[in-house]
Amino acid sequence: MGRTNEPPRLPEGGFAAWSRDRLAMARRGADECGDVWQLEPGVYVAAAAEPCEEVLRRAEEFPKAPSPLFPPLKASSQAPTHEERAHAHAARMRGLRAHAVAARIGEIAPGAARFADQWPTGQDVEILPLVRHTLAEIGVHYLFSEDAPTLLSFASQLFLARERLVRPSRWVLPRWIPTPARRFRTRQQVAFTNALRPIVRRRRASGRLGDDLLGQMLRPTSHYGLLSEEAVLDTLPGITVATFETPSRAAGWILLYLARHPQAADRVAAEAALLPEDPAATTNTHLESLQYTQAVVREVLRLHPPSWLLTRRATRETELAGYTIDAGSTVLVCPYTAHRDAREHSEPDRFQPERWLDDSGSPEKPGAFLAFGTGPHGCEGVALAMAMLTLLTAHTARRHHLSEPPGPEPSFQVTTFVGLTPAGLRLRATSRS
């Protein structure tokens, strides 16, 4: 048996304030207290790479907390069953696996190129709203293809509902209390569902299901059969927002690093110069050739994982890094500190994309890269996110030199429970031509 004493407790204590100090506290905890430390009674933080990976892979002992941001709208008797939700997840994954994304690179690339083409040059621009709009267009098109224009505005409202719902607060109210944020969420979810329902019915009635993610979900399989309409509608609000919310945060950090590291940006631009002039002609072979660009994306995600904190709850008394964790305890997995573990990455605070170009820095190395999680509950949209971010980075660097305007440096803010977003991010683009 390992040690049964409590892990070191962070002197500051408390978990109510979400601010820059909170993230600094997490870093100090990793540096001063070790691989695992206690934040407050019943709350532990896995700070180093090895225990972070261990928690995420031990999904039966540390399951992901069931906290749907968009719960079923119907009464419980009509809501999809647990089995139906599992079937819906399997159907959704048919459209999100790497080979499915690879087949549609030519649909993703034009949106990334339009973002670069439409960036106002010669002026300081608040970039996150532009990035979010672009990635929403790409993501919603990936899900719904020709029906995307009908659903895009509803998807944007779902994003606003999510941001309101998960905004940090010192009060945690029971889920049954209809707070203003929850009522707003329900209204937007109803509006999105009402817009999507006739699309589902039209596709099924016509037999033209489509080759997008919705079409994949409407196809019956020999194993699962045909999904019910409610099961299809239940699963789509969350994945719709996920296609652009987290990637938008990541893209903000990536563009900032292109501005701060012009030599890296020049190398990305040289690589991107070999892409087809017509973005729609881009294939997965072109995407795979952007090796350095992908390394830049991974390195920025290592330094600033947009989901910096993941929550798990211990189902039974168990051990972690030699310490006993009581049943029912919350374990917070912190990719931010895991990625800065010097045992996994030399000079961990240094921006060094080259570390991902050799075998020792392979993203398959355990504990080396947790920006998309790992294990059974790893991000299901990782292939789509990497394709969008890589192409957006390549086309932007191909078109523009980026720079930071004078004034305060952008900082970061925790805009959701797990989200790390660059705040006050303004950049200036000048044409390379």
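## Working through a predicted fold

At 13% relative accessibility, Phe351 counts as buried. Keep in mind that this is a predicted model. Let's start with that ring.

**Exercise 1. Which parts does the pair of Tyr257 and Phe351 tie together?**

Step 1: check burial. The cut-off for buried is under 20% relative accessible area. Phe351 comes in at 13%, and Tyr257 is buried too, at 11%.

Step 2: look at the rings. Their centres are 5.0 Å apart, with 50 degrees between the planes. Planes under 30 degrees apart would be stacked and over 60 edge-to-face, so this pair counts as tilted.

Step 3: Tyr257 belongs to helix 11 (residues 245-260), while Phe351 sits in the loop between helix 15 (335-338) and helix 16, so the pair links parts 94 residues apart in sequence.

For context, the model has six aromatic pairs, and Trp356, Phe369 and Phe372 make up one aromatic cluster.

**Exercise 2. Work out the order of the strands in the open sheet, and which of them stand at the edges.**

Step 1: get the order. Three strands line up as 3-11-8, with antiparallel pairing.

Step 2: find the edges. Strand 3 (124-126) and strand 8 (400-403) each have a single partner strand, so one side of each has no neighbour in the sheet. Neighbouring strands are turned by 40 degrees against each other on average, direction ignored.

Step 3: zoom in on one pairing. Strand 8 is joined to strand 11 (residues 426-431) by four bridges, and Leu402 stands opposite Ala429.

Step 4: Helix 6 (residues 127-144) lies across strand 3 and strand 11, at about 55 degrees to strand 3.

**Exercise 3. Find the residues with the most contacts inside the largest nonpolar core.**

Step 1: Helix 16 contributes the most, with 10 residues.

Step 2: Beyond its neighbours within four places in sequence, Leu196 touches Phe144, Leu151, Leu214, Leu233 and Leu236.

Step 3: A second, separate core has 17 residues, among them Ala49, Val55, Ile325 and Val333.

**Exercise 4. What do the buried residues of helix 3 pack against?**

Step 1: list them. His87, Ala88, Ala90, Ala91, Arg92 and Met93 are buried in helix 3.

Step 2: find their partners. These residues pack against helix 9 (213-218) and helix 10 (229-242).

Conventions. Residues numbered from 1 in each chain as written. Predicted model: local features only at pLDDT ≥ 70, side-chain atom pairs only at ≥ 80, totals over all residues. Heavy atoms only, no water. Pairing = 2+ DSSP bridges. Helix = DSSP H or I, 4+ residues; strand = E, 2+ residues; numbered from the N terminus. Axes fitted to C-alpha atoms, helices over the stretch in contact; angles between N-to-C directions. Contact = heavy atoms within 4.5 Å. Core = buried A, V, L, I, M, F, W, Y, C linked by side-chain atoms within 4.5 Å. Buried < 20%, exposed > 50% of the residue type's maximum accessible area, 1.4 Å probe, protein only. Phe/Tyr/Trp six-rings, centres within 6.5 Å; stacked < 30°, edge-to-face > 60°.
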